[in-house]
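Open the model in your viewer and keep the selection panel at hand. The stops below say what to pick and what is found there.

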There are 2 protein chains.
Amino acid sequence: MFKMELNKLFKPKSMAVVGISKKNPLSPGRIVMLKNEFEMQVKVYGIYPTGGEIEGIQLYERLDKLPEIPDLLVIAVGPDDTLDYIQQCADLNIPSAVIIGGGFAEIGIKGKKRQDKLEKIAFENNIAVLGPNCLGVYAPPLVDTIFLPTERITKPPKGSVALISQSGGVLVDQFFVKFKERNIGVSTAVSIGNRAVVDEVMLLEYFSKVDPETSNIAFYLEGFKEGRAREFLKFARESEDTVIMFFGGKTREGKVATLSHTASLAGNYKIQYSALRQNLVIQPHSERELLTSLKVFDVLSHRKNPFGDNVVTYGDVVILSVSGGHGVIAADMLKSYGLNRVDFTKEEKAKMKKLMNPVAREIASFNNPIDLTGSVLDTDIEDMIRYLSDIDRIECIILLLLPYPPNISFQIGRRIANVVASKKKPVVCFVPYVSKYEMIIESLELAYIPVFHSIKETVQAVSALKHRTRVDNVKKGNIFWEK
Amino acid sequence: MFKMELNKLFKPKSMAVVGISKKNPLSPGRIVMLKNEFEMQVKVYGIYPTGGEIEGIQLYERLDKLPEIPDLLVIAVGPDDTLDYIQQCADLNIPSAVIIGGGFAEIGIKGKKRQDKLEKIAFENNIAVLGPNCLGVYAPPLVDTIFLPTERITKPPKGSVALISQSGGVLVDQFFVKFKERNIGVSTAVSIGNRAVVDEVMLLEYFSKVDPETSNIAFYLEGFKEGRAREFLKFARESEDTVIMFFGGKTREGKVATLSHTASLAGNYKIQYSALRQNLVIQPHSERELLTSLKVFDVLSHRKNPFGDNVVTYGDVVILSVSGGHGVIAADMLKSYGLNRVDFTKEEKAKMKKLMNPVAREIASFNNPIDLTGSVLDTDIEDMIRYLSDIDRIECIILLLLPYPPNISFQIGRRIANVVASKKKPVVCFVPYVSKYEMIIESLELAYIPVFHSIKETVQAVSALKHRTRVDNVKKGNIFWEK
């Protein structure tokens with residue numbers, strides 16, 4: 001299928017780095033060599049014209065003096081020297097390269113000519129080149145070509161999401177920081193820069209068909225590479241993984257910006273939106289919704305998916321809160337996210353009332369949203385979730401859990417987790433992000449119950465579950481009726 | 001002006017608490033008595049039918065046995081006993097009360113009758129009653145009637161915002177937690193519950209005209225109290241403070257919820273929106289935008305407002321970033337927040353290029369958004385802000401500051417603060433919320449430069465500055481042209 005060996009790029013056994021400075025400890029090449037030597041599993045070789053060593057690592061004078069042909073070459077030198085090294089990759093049969101530096105298509109005509117040369121060598125010799133003008137690859141525990149010192153950035157945990165970004169800054173900041181905050185795991189993160197050779201289509205195909213660690217493929221692009229949209233759509237439709245796209249540069253103001261920094265033209269957003277939707281690509285409306293979606297997809301992809309075969313098809317939910325106002329705020333968002341309030345019968349309301357402790361019973365409200373009030377006990381919440389789980393027309397419980405009432409204990413998370421484990425009804429939780437409640441959050445997260453720290457994200461998460469069901473149904477050939 | 005003494009409610013010298021349990025350490029009355037005794041400055045008296053003591057605090061058998069008439073009575077007993085205590089307030093000339101318990105209008109006809117009685121006594125005797133069915137008052141450092149243990153909640157810092165919420169849960173969670181996270185200060189926080197007596201209009205008038213600590217008055221309501229909208233609008237227009245309103249229960253789904261928990265009908269949102277806008281009430285579209293607005297208003301209200309007399313009138317901004325993708329994402333949001341990109345002349349671009357270090361100069365982009373790239377130095381950012389501050393047609397600088405590039409130092413915040421202090425150009429910053437960068441965030445915040453942790457909030461903040469200018473201009477009688 002692939003002529004280029006993308007697996008060498010993302011799962012290299014060995015790599016070499018060129019562009020190491022002996023004087024400047026912060027030179028990109030030196031940072032990349034040292035972080036891989038000390039922090040990652042790949043075997044690392046440094047190249048330095050006069051040899052010698054840095055921090056005990058032997059440096060080789062030239063690529064052809066290395067004891068083996070490395071799987072990957074990381075190039076952190078000026079643009080003309082870069083071309084020279086790509087030619088060496090061709091001569092020595094080095095199958096993949098990451099080009100960190102700029103000076104190519106993004107700087108105008110002179111750079112465009114360089115990039116043309118680069119493409120010619122790479123395609124003729126099947127070298128999987130990432131970049132130029134990129135951060136490259138973060139594929140734990142093997143390799144990390146990001147030239148920012150590890151102590152300056154935040155790394156996400158390991159998980160099911162392949163993350164591909166046209167902007168390196170967006171990758172390490174908007175994604176890495178927020179993945180970590182939300183406990184969303186990546187299989188591989190890729191900064192594609194000018195995507196002269198390896199582009200979004202190749203990556204979509206590779207992560208869909210080859211990489212067994214990936215179940216969700218998320219893109220931040222500022223437009224498709226010219227002439228590649230159609231193939232992207234084809235692979236998206238065929239993919240067994242969930243494909244998620246978020247575009248930057250959707251507005252005129254944003255486009256002005258994309259022109260300058262990655263040499264691409266942002267496409268016509270509306271046409272793209274429809275085409276992507278038809279081809280089963282999930283498109284969050286905001287960056288926050290993107291993160292929320294990835295969080296729930298990462299959970300669903302897990303072997304320990306806590307919801308079993310239960311899915312959210314129509315978006316029929318109940319909101320279970322211990323604060324009336326939180327219920328109101330969540331209810332206000334339902335319609336705009338395509339979700340519906342399930343109504344209760346008189347009998348059901350009477351049953352729920354009976355389940356509650358005598359004090360809360362008198363002041364609680366059993367409409368939907370349900371407000372259990374500040375007089376709630378752990379066991380009330382547990383019993384309510386158990387009861388609601390058995391009502392078939394409820395597809396998902398939105399639990400707004402405030403641990404402030406004096407009788408809520410630190411066991412509450414574990415208690416909820418146990419009910420969910422036995423009932424497998426989808427439950428999505430809001431818990432405030434306050435360090436003293438970490439134990440509650442952790443006990444839910446350890447059971448793979450998604451926890452969010454804003455009401456909006458909690459509602460968005462259910463919407464993401466619904467989108468995912470639609471896409472899965474079409475992919476499986478199931479007929480799907482919109483209610 | 002006021003017949004009721006709201007100052008006794010919010011700035012009591014002494015208070016009494018009824019509804020203390022000797023057996024249950026978590027009874028609301030007991031929590032309120034103890035937290036005020038140990039944590040707040042008000043003089044506290046406990047009432048217990050047989051006297052005695054709790055944790056060394058002497059208890060009095062009846063209100064009329066207290067050594068003084070307290071300014072405030074906190075009532076944490078059942079609804080019928082509550083009425084009895086309100087009558088005692090009338091008999092003993094206790095000028096204010098907080099009723100924590102429910103069992104009034106929110107439970108139906110029986111409760112409505114109780115609430116009618118309560119209102120009659122309170123209005124006839126000018127007792128400033130807060131509630132019933134509320135958390136009451138948090139007015140640091142004097143008084144805190146919130147019956148949730150302090151160690152379970154998060155308290156916001158002291159500042160300029162009077163915060164009034166119809167939902168106690170929303171007050172302590174959505175507001176207290178997020179005020180603390182964002183370093184937004186409150187003067188007084190009020191949970192109004194059923195607002196049988198003290199309502200949004202009285203509070204608006206009190207905080208506008210009487211309380212010297214308040215400059216911004218923020219409401220979370222689920223609709224106006226019946227018959228009170230007109231007066232609210234009148235006082236809002238007259239207020240010298242900035243008035244901010246966020247409604248819950250705007251949708252049909254949300255309304256179902258409000259009916260049950262605070263006995264109010266959410267009004268027609270669209271008509272309200274126009275009326276409030278005409279009367280100079282600022283209305284954020286989301287909870288997050290509300291918080292963002294309050295954050296910048298709190299800064300503007302400070303004696304050390306870092307922007308002096310410079311205001312954002314038309315929303316003309318420059319985006320200054322060290323990551324191209326961040327610039328794109330911010331630029332994409334400008335139009336929808338009523339903001340405009342300022343364009344640069346060739347000469348200006350050439351000057352900016354000259355200011356940069358030789359490496360960054362070649363790869364940076366000087367359109368708007370400006371992308372300084374990962375090769376940026378502290379001094380480049382400093383020089384750029386200085387240069388941009390002198391361009392009159394720029395009203396505000398949106399600074400997207402990622403501290404990941406290896407040459408950004410921990411001094412960067414202080415360096416920026418110094419430039420802003422000398423130029424007084426409005427600058428609003430994005431800095432990722434990562435604990436290792438706390439020093440940078442703190443150095444900016446200490447200089448009252450607003451820092452946000454998402455790109456969206458950073459853009460929203462500039463929009464809030466523009467709204468605030470519009471309102472201030474109309475209030476001052478300045479003519480204001482929309483460009």
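Select residues 136-139 and 186-191 of chain B: strands β8 and β11 of that chain pair in the antiparallel sense over three bridges. Strands here are DSSP runs of E with at least two residues, helices are runs of H or I with at least four, and both are numbered from the N terminus. Two strands pair if DSSP finds at least two bridges between them. Strands of a sheet pair through backbone hydrogen bonds, either parallel or antiparallel. Within this pair, Gly136(B) stands opposite Ser191(B) of β11(B).

This is a predicted model, in which local features need pLDDT of at least 70 and side-chain atom pairs count only at pLDDT 80 or more, while totals for chains, interfaces and linings use all residues. Residues are numbered from 1 along each chain as its sequence is written, and chains are lettered from A and ligands numbered from 1 in the order in which they are written.

Now widen the selection to the sheet. In chain B, seven strands form an open sheet of mixed pairing, in the order β9-β8-β11-β10-β12-β13-β14. Strands β9 (143-144) and β14 (281-282) of chain B are at the edges with a single partner strand each, so one side of each has no neighbour in the sheet.

Next, show both chains. How many residues does the contact take from each chain? It takes 54 residues from chain B and 54 residues from chain A, where contact means C-beta atoms, placed from the backbone, within 7 Å. On the side of chain B that touches chain A, α11(B) gives the largest share, nine residues. By class, that side has 23 nonpolar, 21 polar and 10 charged residues (Ala, Val, Leu, Ile, Met, Phe, Trp, Tyr, Cys and Pro count as nonpolar, Asp, Glu, Lys and Arg as charged, and the others, Gly among them, as polar).

To relate the copies, superpose chain B on chain A: a rotation of 180° with 0.0 Å of shift along its axis does this, with RMSD 0.1 Å. That is the relation of a two-fold axis. Finish at Arg288(B), which of the residues of chain B comes closest to the rotation axis, at 6.1 Å (C-alpha).

Terms used:
Copies are superposed by least squares on the C-alpha atoms of residues with pLDDT of at least 70 in both. Two residues are in contact if their C-beta atoms, placed from the backbone, lie within 7 Å.
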